[in-house]
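Welcome! Please take a moment to look at the structure below before reading on.

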Amino acid sequence: MNEKIQEQDLLPVHKNTNSCNVVNLVTSALSALFFLKNVSKRQGGITLDSMTFVLFGATGDLAKRKIFPALYNLIYFLTKNASVVFRYWGEQKRIIRC
Amino acid sequence: MPQSFSVIGVSKRELSDVEFQAYVENSLRTFSRRLTNDRSKMEEFLHAFRYTSLDVTNAQGYKKLLEMVQRREKELNIPENRMFYLSVAPEFFEVIAANIKESGLGSAKGWKRLIIEKTFGHDVKSAQDLNKKLSQAFEEDEIYRVDHYLGKPMVQNLEAIKFANSVFHFKQSGTISI
């Protein structure tokens with residue numbers, strides 16, 4: 001990855017991981033993309049980068065079933081109760097911890 | 001909700017912004033496992049969504065898309081960070097990536113990212129071709145290849161593993177290596 005992410009950035013922002021569910025895998029993948037390069041903590045939550053999300057195939061089945069719900073969950077639930085934590089081991093291995 | 005978060009839906013169908021927002025709301029109500037009852041939150045979320053119809057093979061059409069992206073960036077004061085999610089048939093990956101570059105959509109000041117879903121070609125050669133073409137429009141570290149179902153059974157089995165192995169009960173956590 002381009003930027004070094006410090007270990008303290010990767011500690012669970014929300015300590016109560018007992019409420020952690022196995023999240024929708026699309027949510028995990030999207031979260032990884034959103035947070036990959038810009039992990040920032042603010043008042044007990046993690047924040048999203050400002051961005052434009054251009055979705056090709058917006059009326060397709062995957063968008064309807066997975067992507068819109070994933071975005072919604074990402075914004076209203078995961079950013080408050082960060083239950084997905086990304087950990088980088090060297091350049092190669094990525095761990096998503098739930 | 002991040003203050004400046006803009007979603008532009010692109011597809012062949014003719015839809016107005018309002019129709020698209022209704023479509024998104026319907027999707028959330030049908031498929032999201034969690035929903036807040038807060039009506040204003042739903043509206044706030046839907047308000048970030050805009051729609052433009054586009055024939056992805058028509059290079060001219062991307063100008064309209066670029067204008068819309070730029071207009072929303074201006075309205076919401078968003079830096080030119082653009083994420084392109086290709087939820088389309090694999091045969092369109094190349095043409096869309098090329099058109100993103102040609103149209104100037106990909107020449108923003110902020111970061112850009114391209115997300116594609118499998119399948120990445122139908123054999124080694126076509127996969128290599130695809131990679132080569134994509135790399136003309138995006139750097140390797142800007143391309144994200146997603147396989148939603150990679151490891152899905154394993155994730156679903158975590159519950160069973162936890163249940164069957166009391167050693168895991170002390171902490172409800174699993175580590176998924178991808």
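This briefing walks through a sheet, the helices beside it and the confidence of the model. Keep in mind that this is a predicted model.

- In general, strands of a sheet pair through backbone hydrogen bonds, and they can do so in a parallel or an antiparallel way.

**Strand pairs to trace**

- Six bridges link strand S3 of chain A (residues 51–56) with S1(B), and the two run parallel. Here Met51(A) has Phe5(B) as its bridge partner.
- S1(B) also pairs in the parallel sense with S2 of chain B (residues 49–53), this time over five bridges. Look for Ser11(B), which stands opposite Ser53(B).
- Further along, strand S3 of chain B (residues 82–86) and strand S4 of chain B (residues 112–117) are parallel too, joined by five bridges. Met83(B) has Arg113(B) as its bridge partner in S4(B).

**A strand on the inside**

- Why is S1(B) largely enclosed by the rest of the structure? Seven of the seven residues in this strand (residues 5–11) are buried, so the rest of the structure largely encloses S1(B).
- Both of its faces are covered: Phe5(B), Val7(B), Gly9(B) and Ser11(B) are buried on one side, while Ser6(B), Ile8(B) and Val10(B) are buried on the other.

**Helices on the sheet**

**How confident is the model in chain A?**

- Chain A has a mean pLDDT of 58, with 29% of its residues at 70 or more.
- Within chain A, confidence is highest in S3(A), at 93, and lowest in helix H1 of chain A (residues 7–10), at a mean of 38.
- Residues 1–24 of chain A stay under 50 in pLDDT, and the model has 43 contacts beyond four places in sequence for them.
- The pLDDT is also below 50 over residues 36–44 of chain A, a stretch with 25 contacts in the model beyond near neighbours in sequence.

Methods
Residues are numbered from 1 along each chain as its sequence is written. Chains are lettered from A and ligands numbered from 1 in the order in which they are written. This is a predicted model: local features need pLDDT of at least 70, side-chain atom pairs count only at pLDDT 80 or more; totals for chains, interfaces and linings use all residues. Side-chain values use heavy atoms; hydrogens and water are left out. Buried means under 20% relative accessible area, exposed over 50%, partly exposed in between (1.4 Å probe, protein chains only). Helices (H or I, at least four residues) and strands (E, at least two) are DSSP runs, numbered from the N terminus. Two strands pair if DSSP finds at least two bridges between them. pLDDT is the predictor's confidence in each residue, from 0 to 100. Contact means heavy atoms within 4.5 Å.
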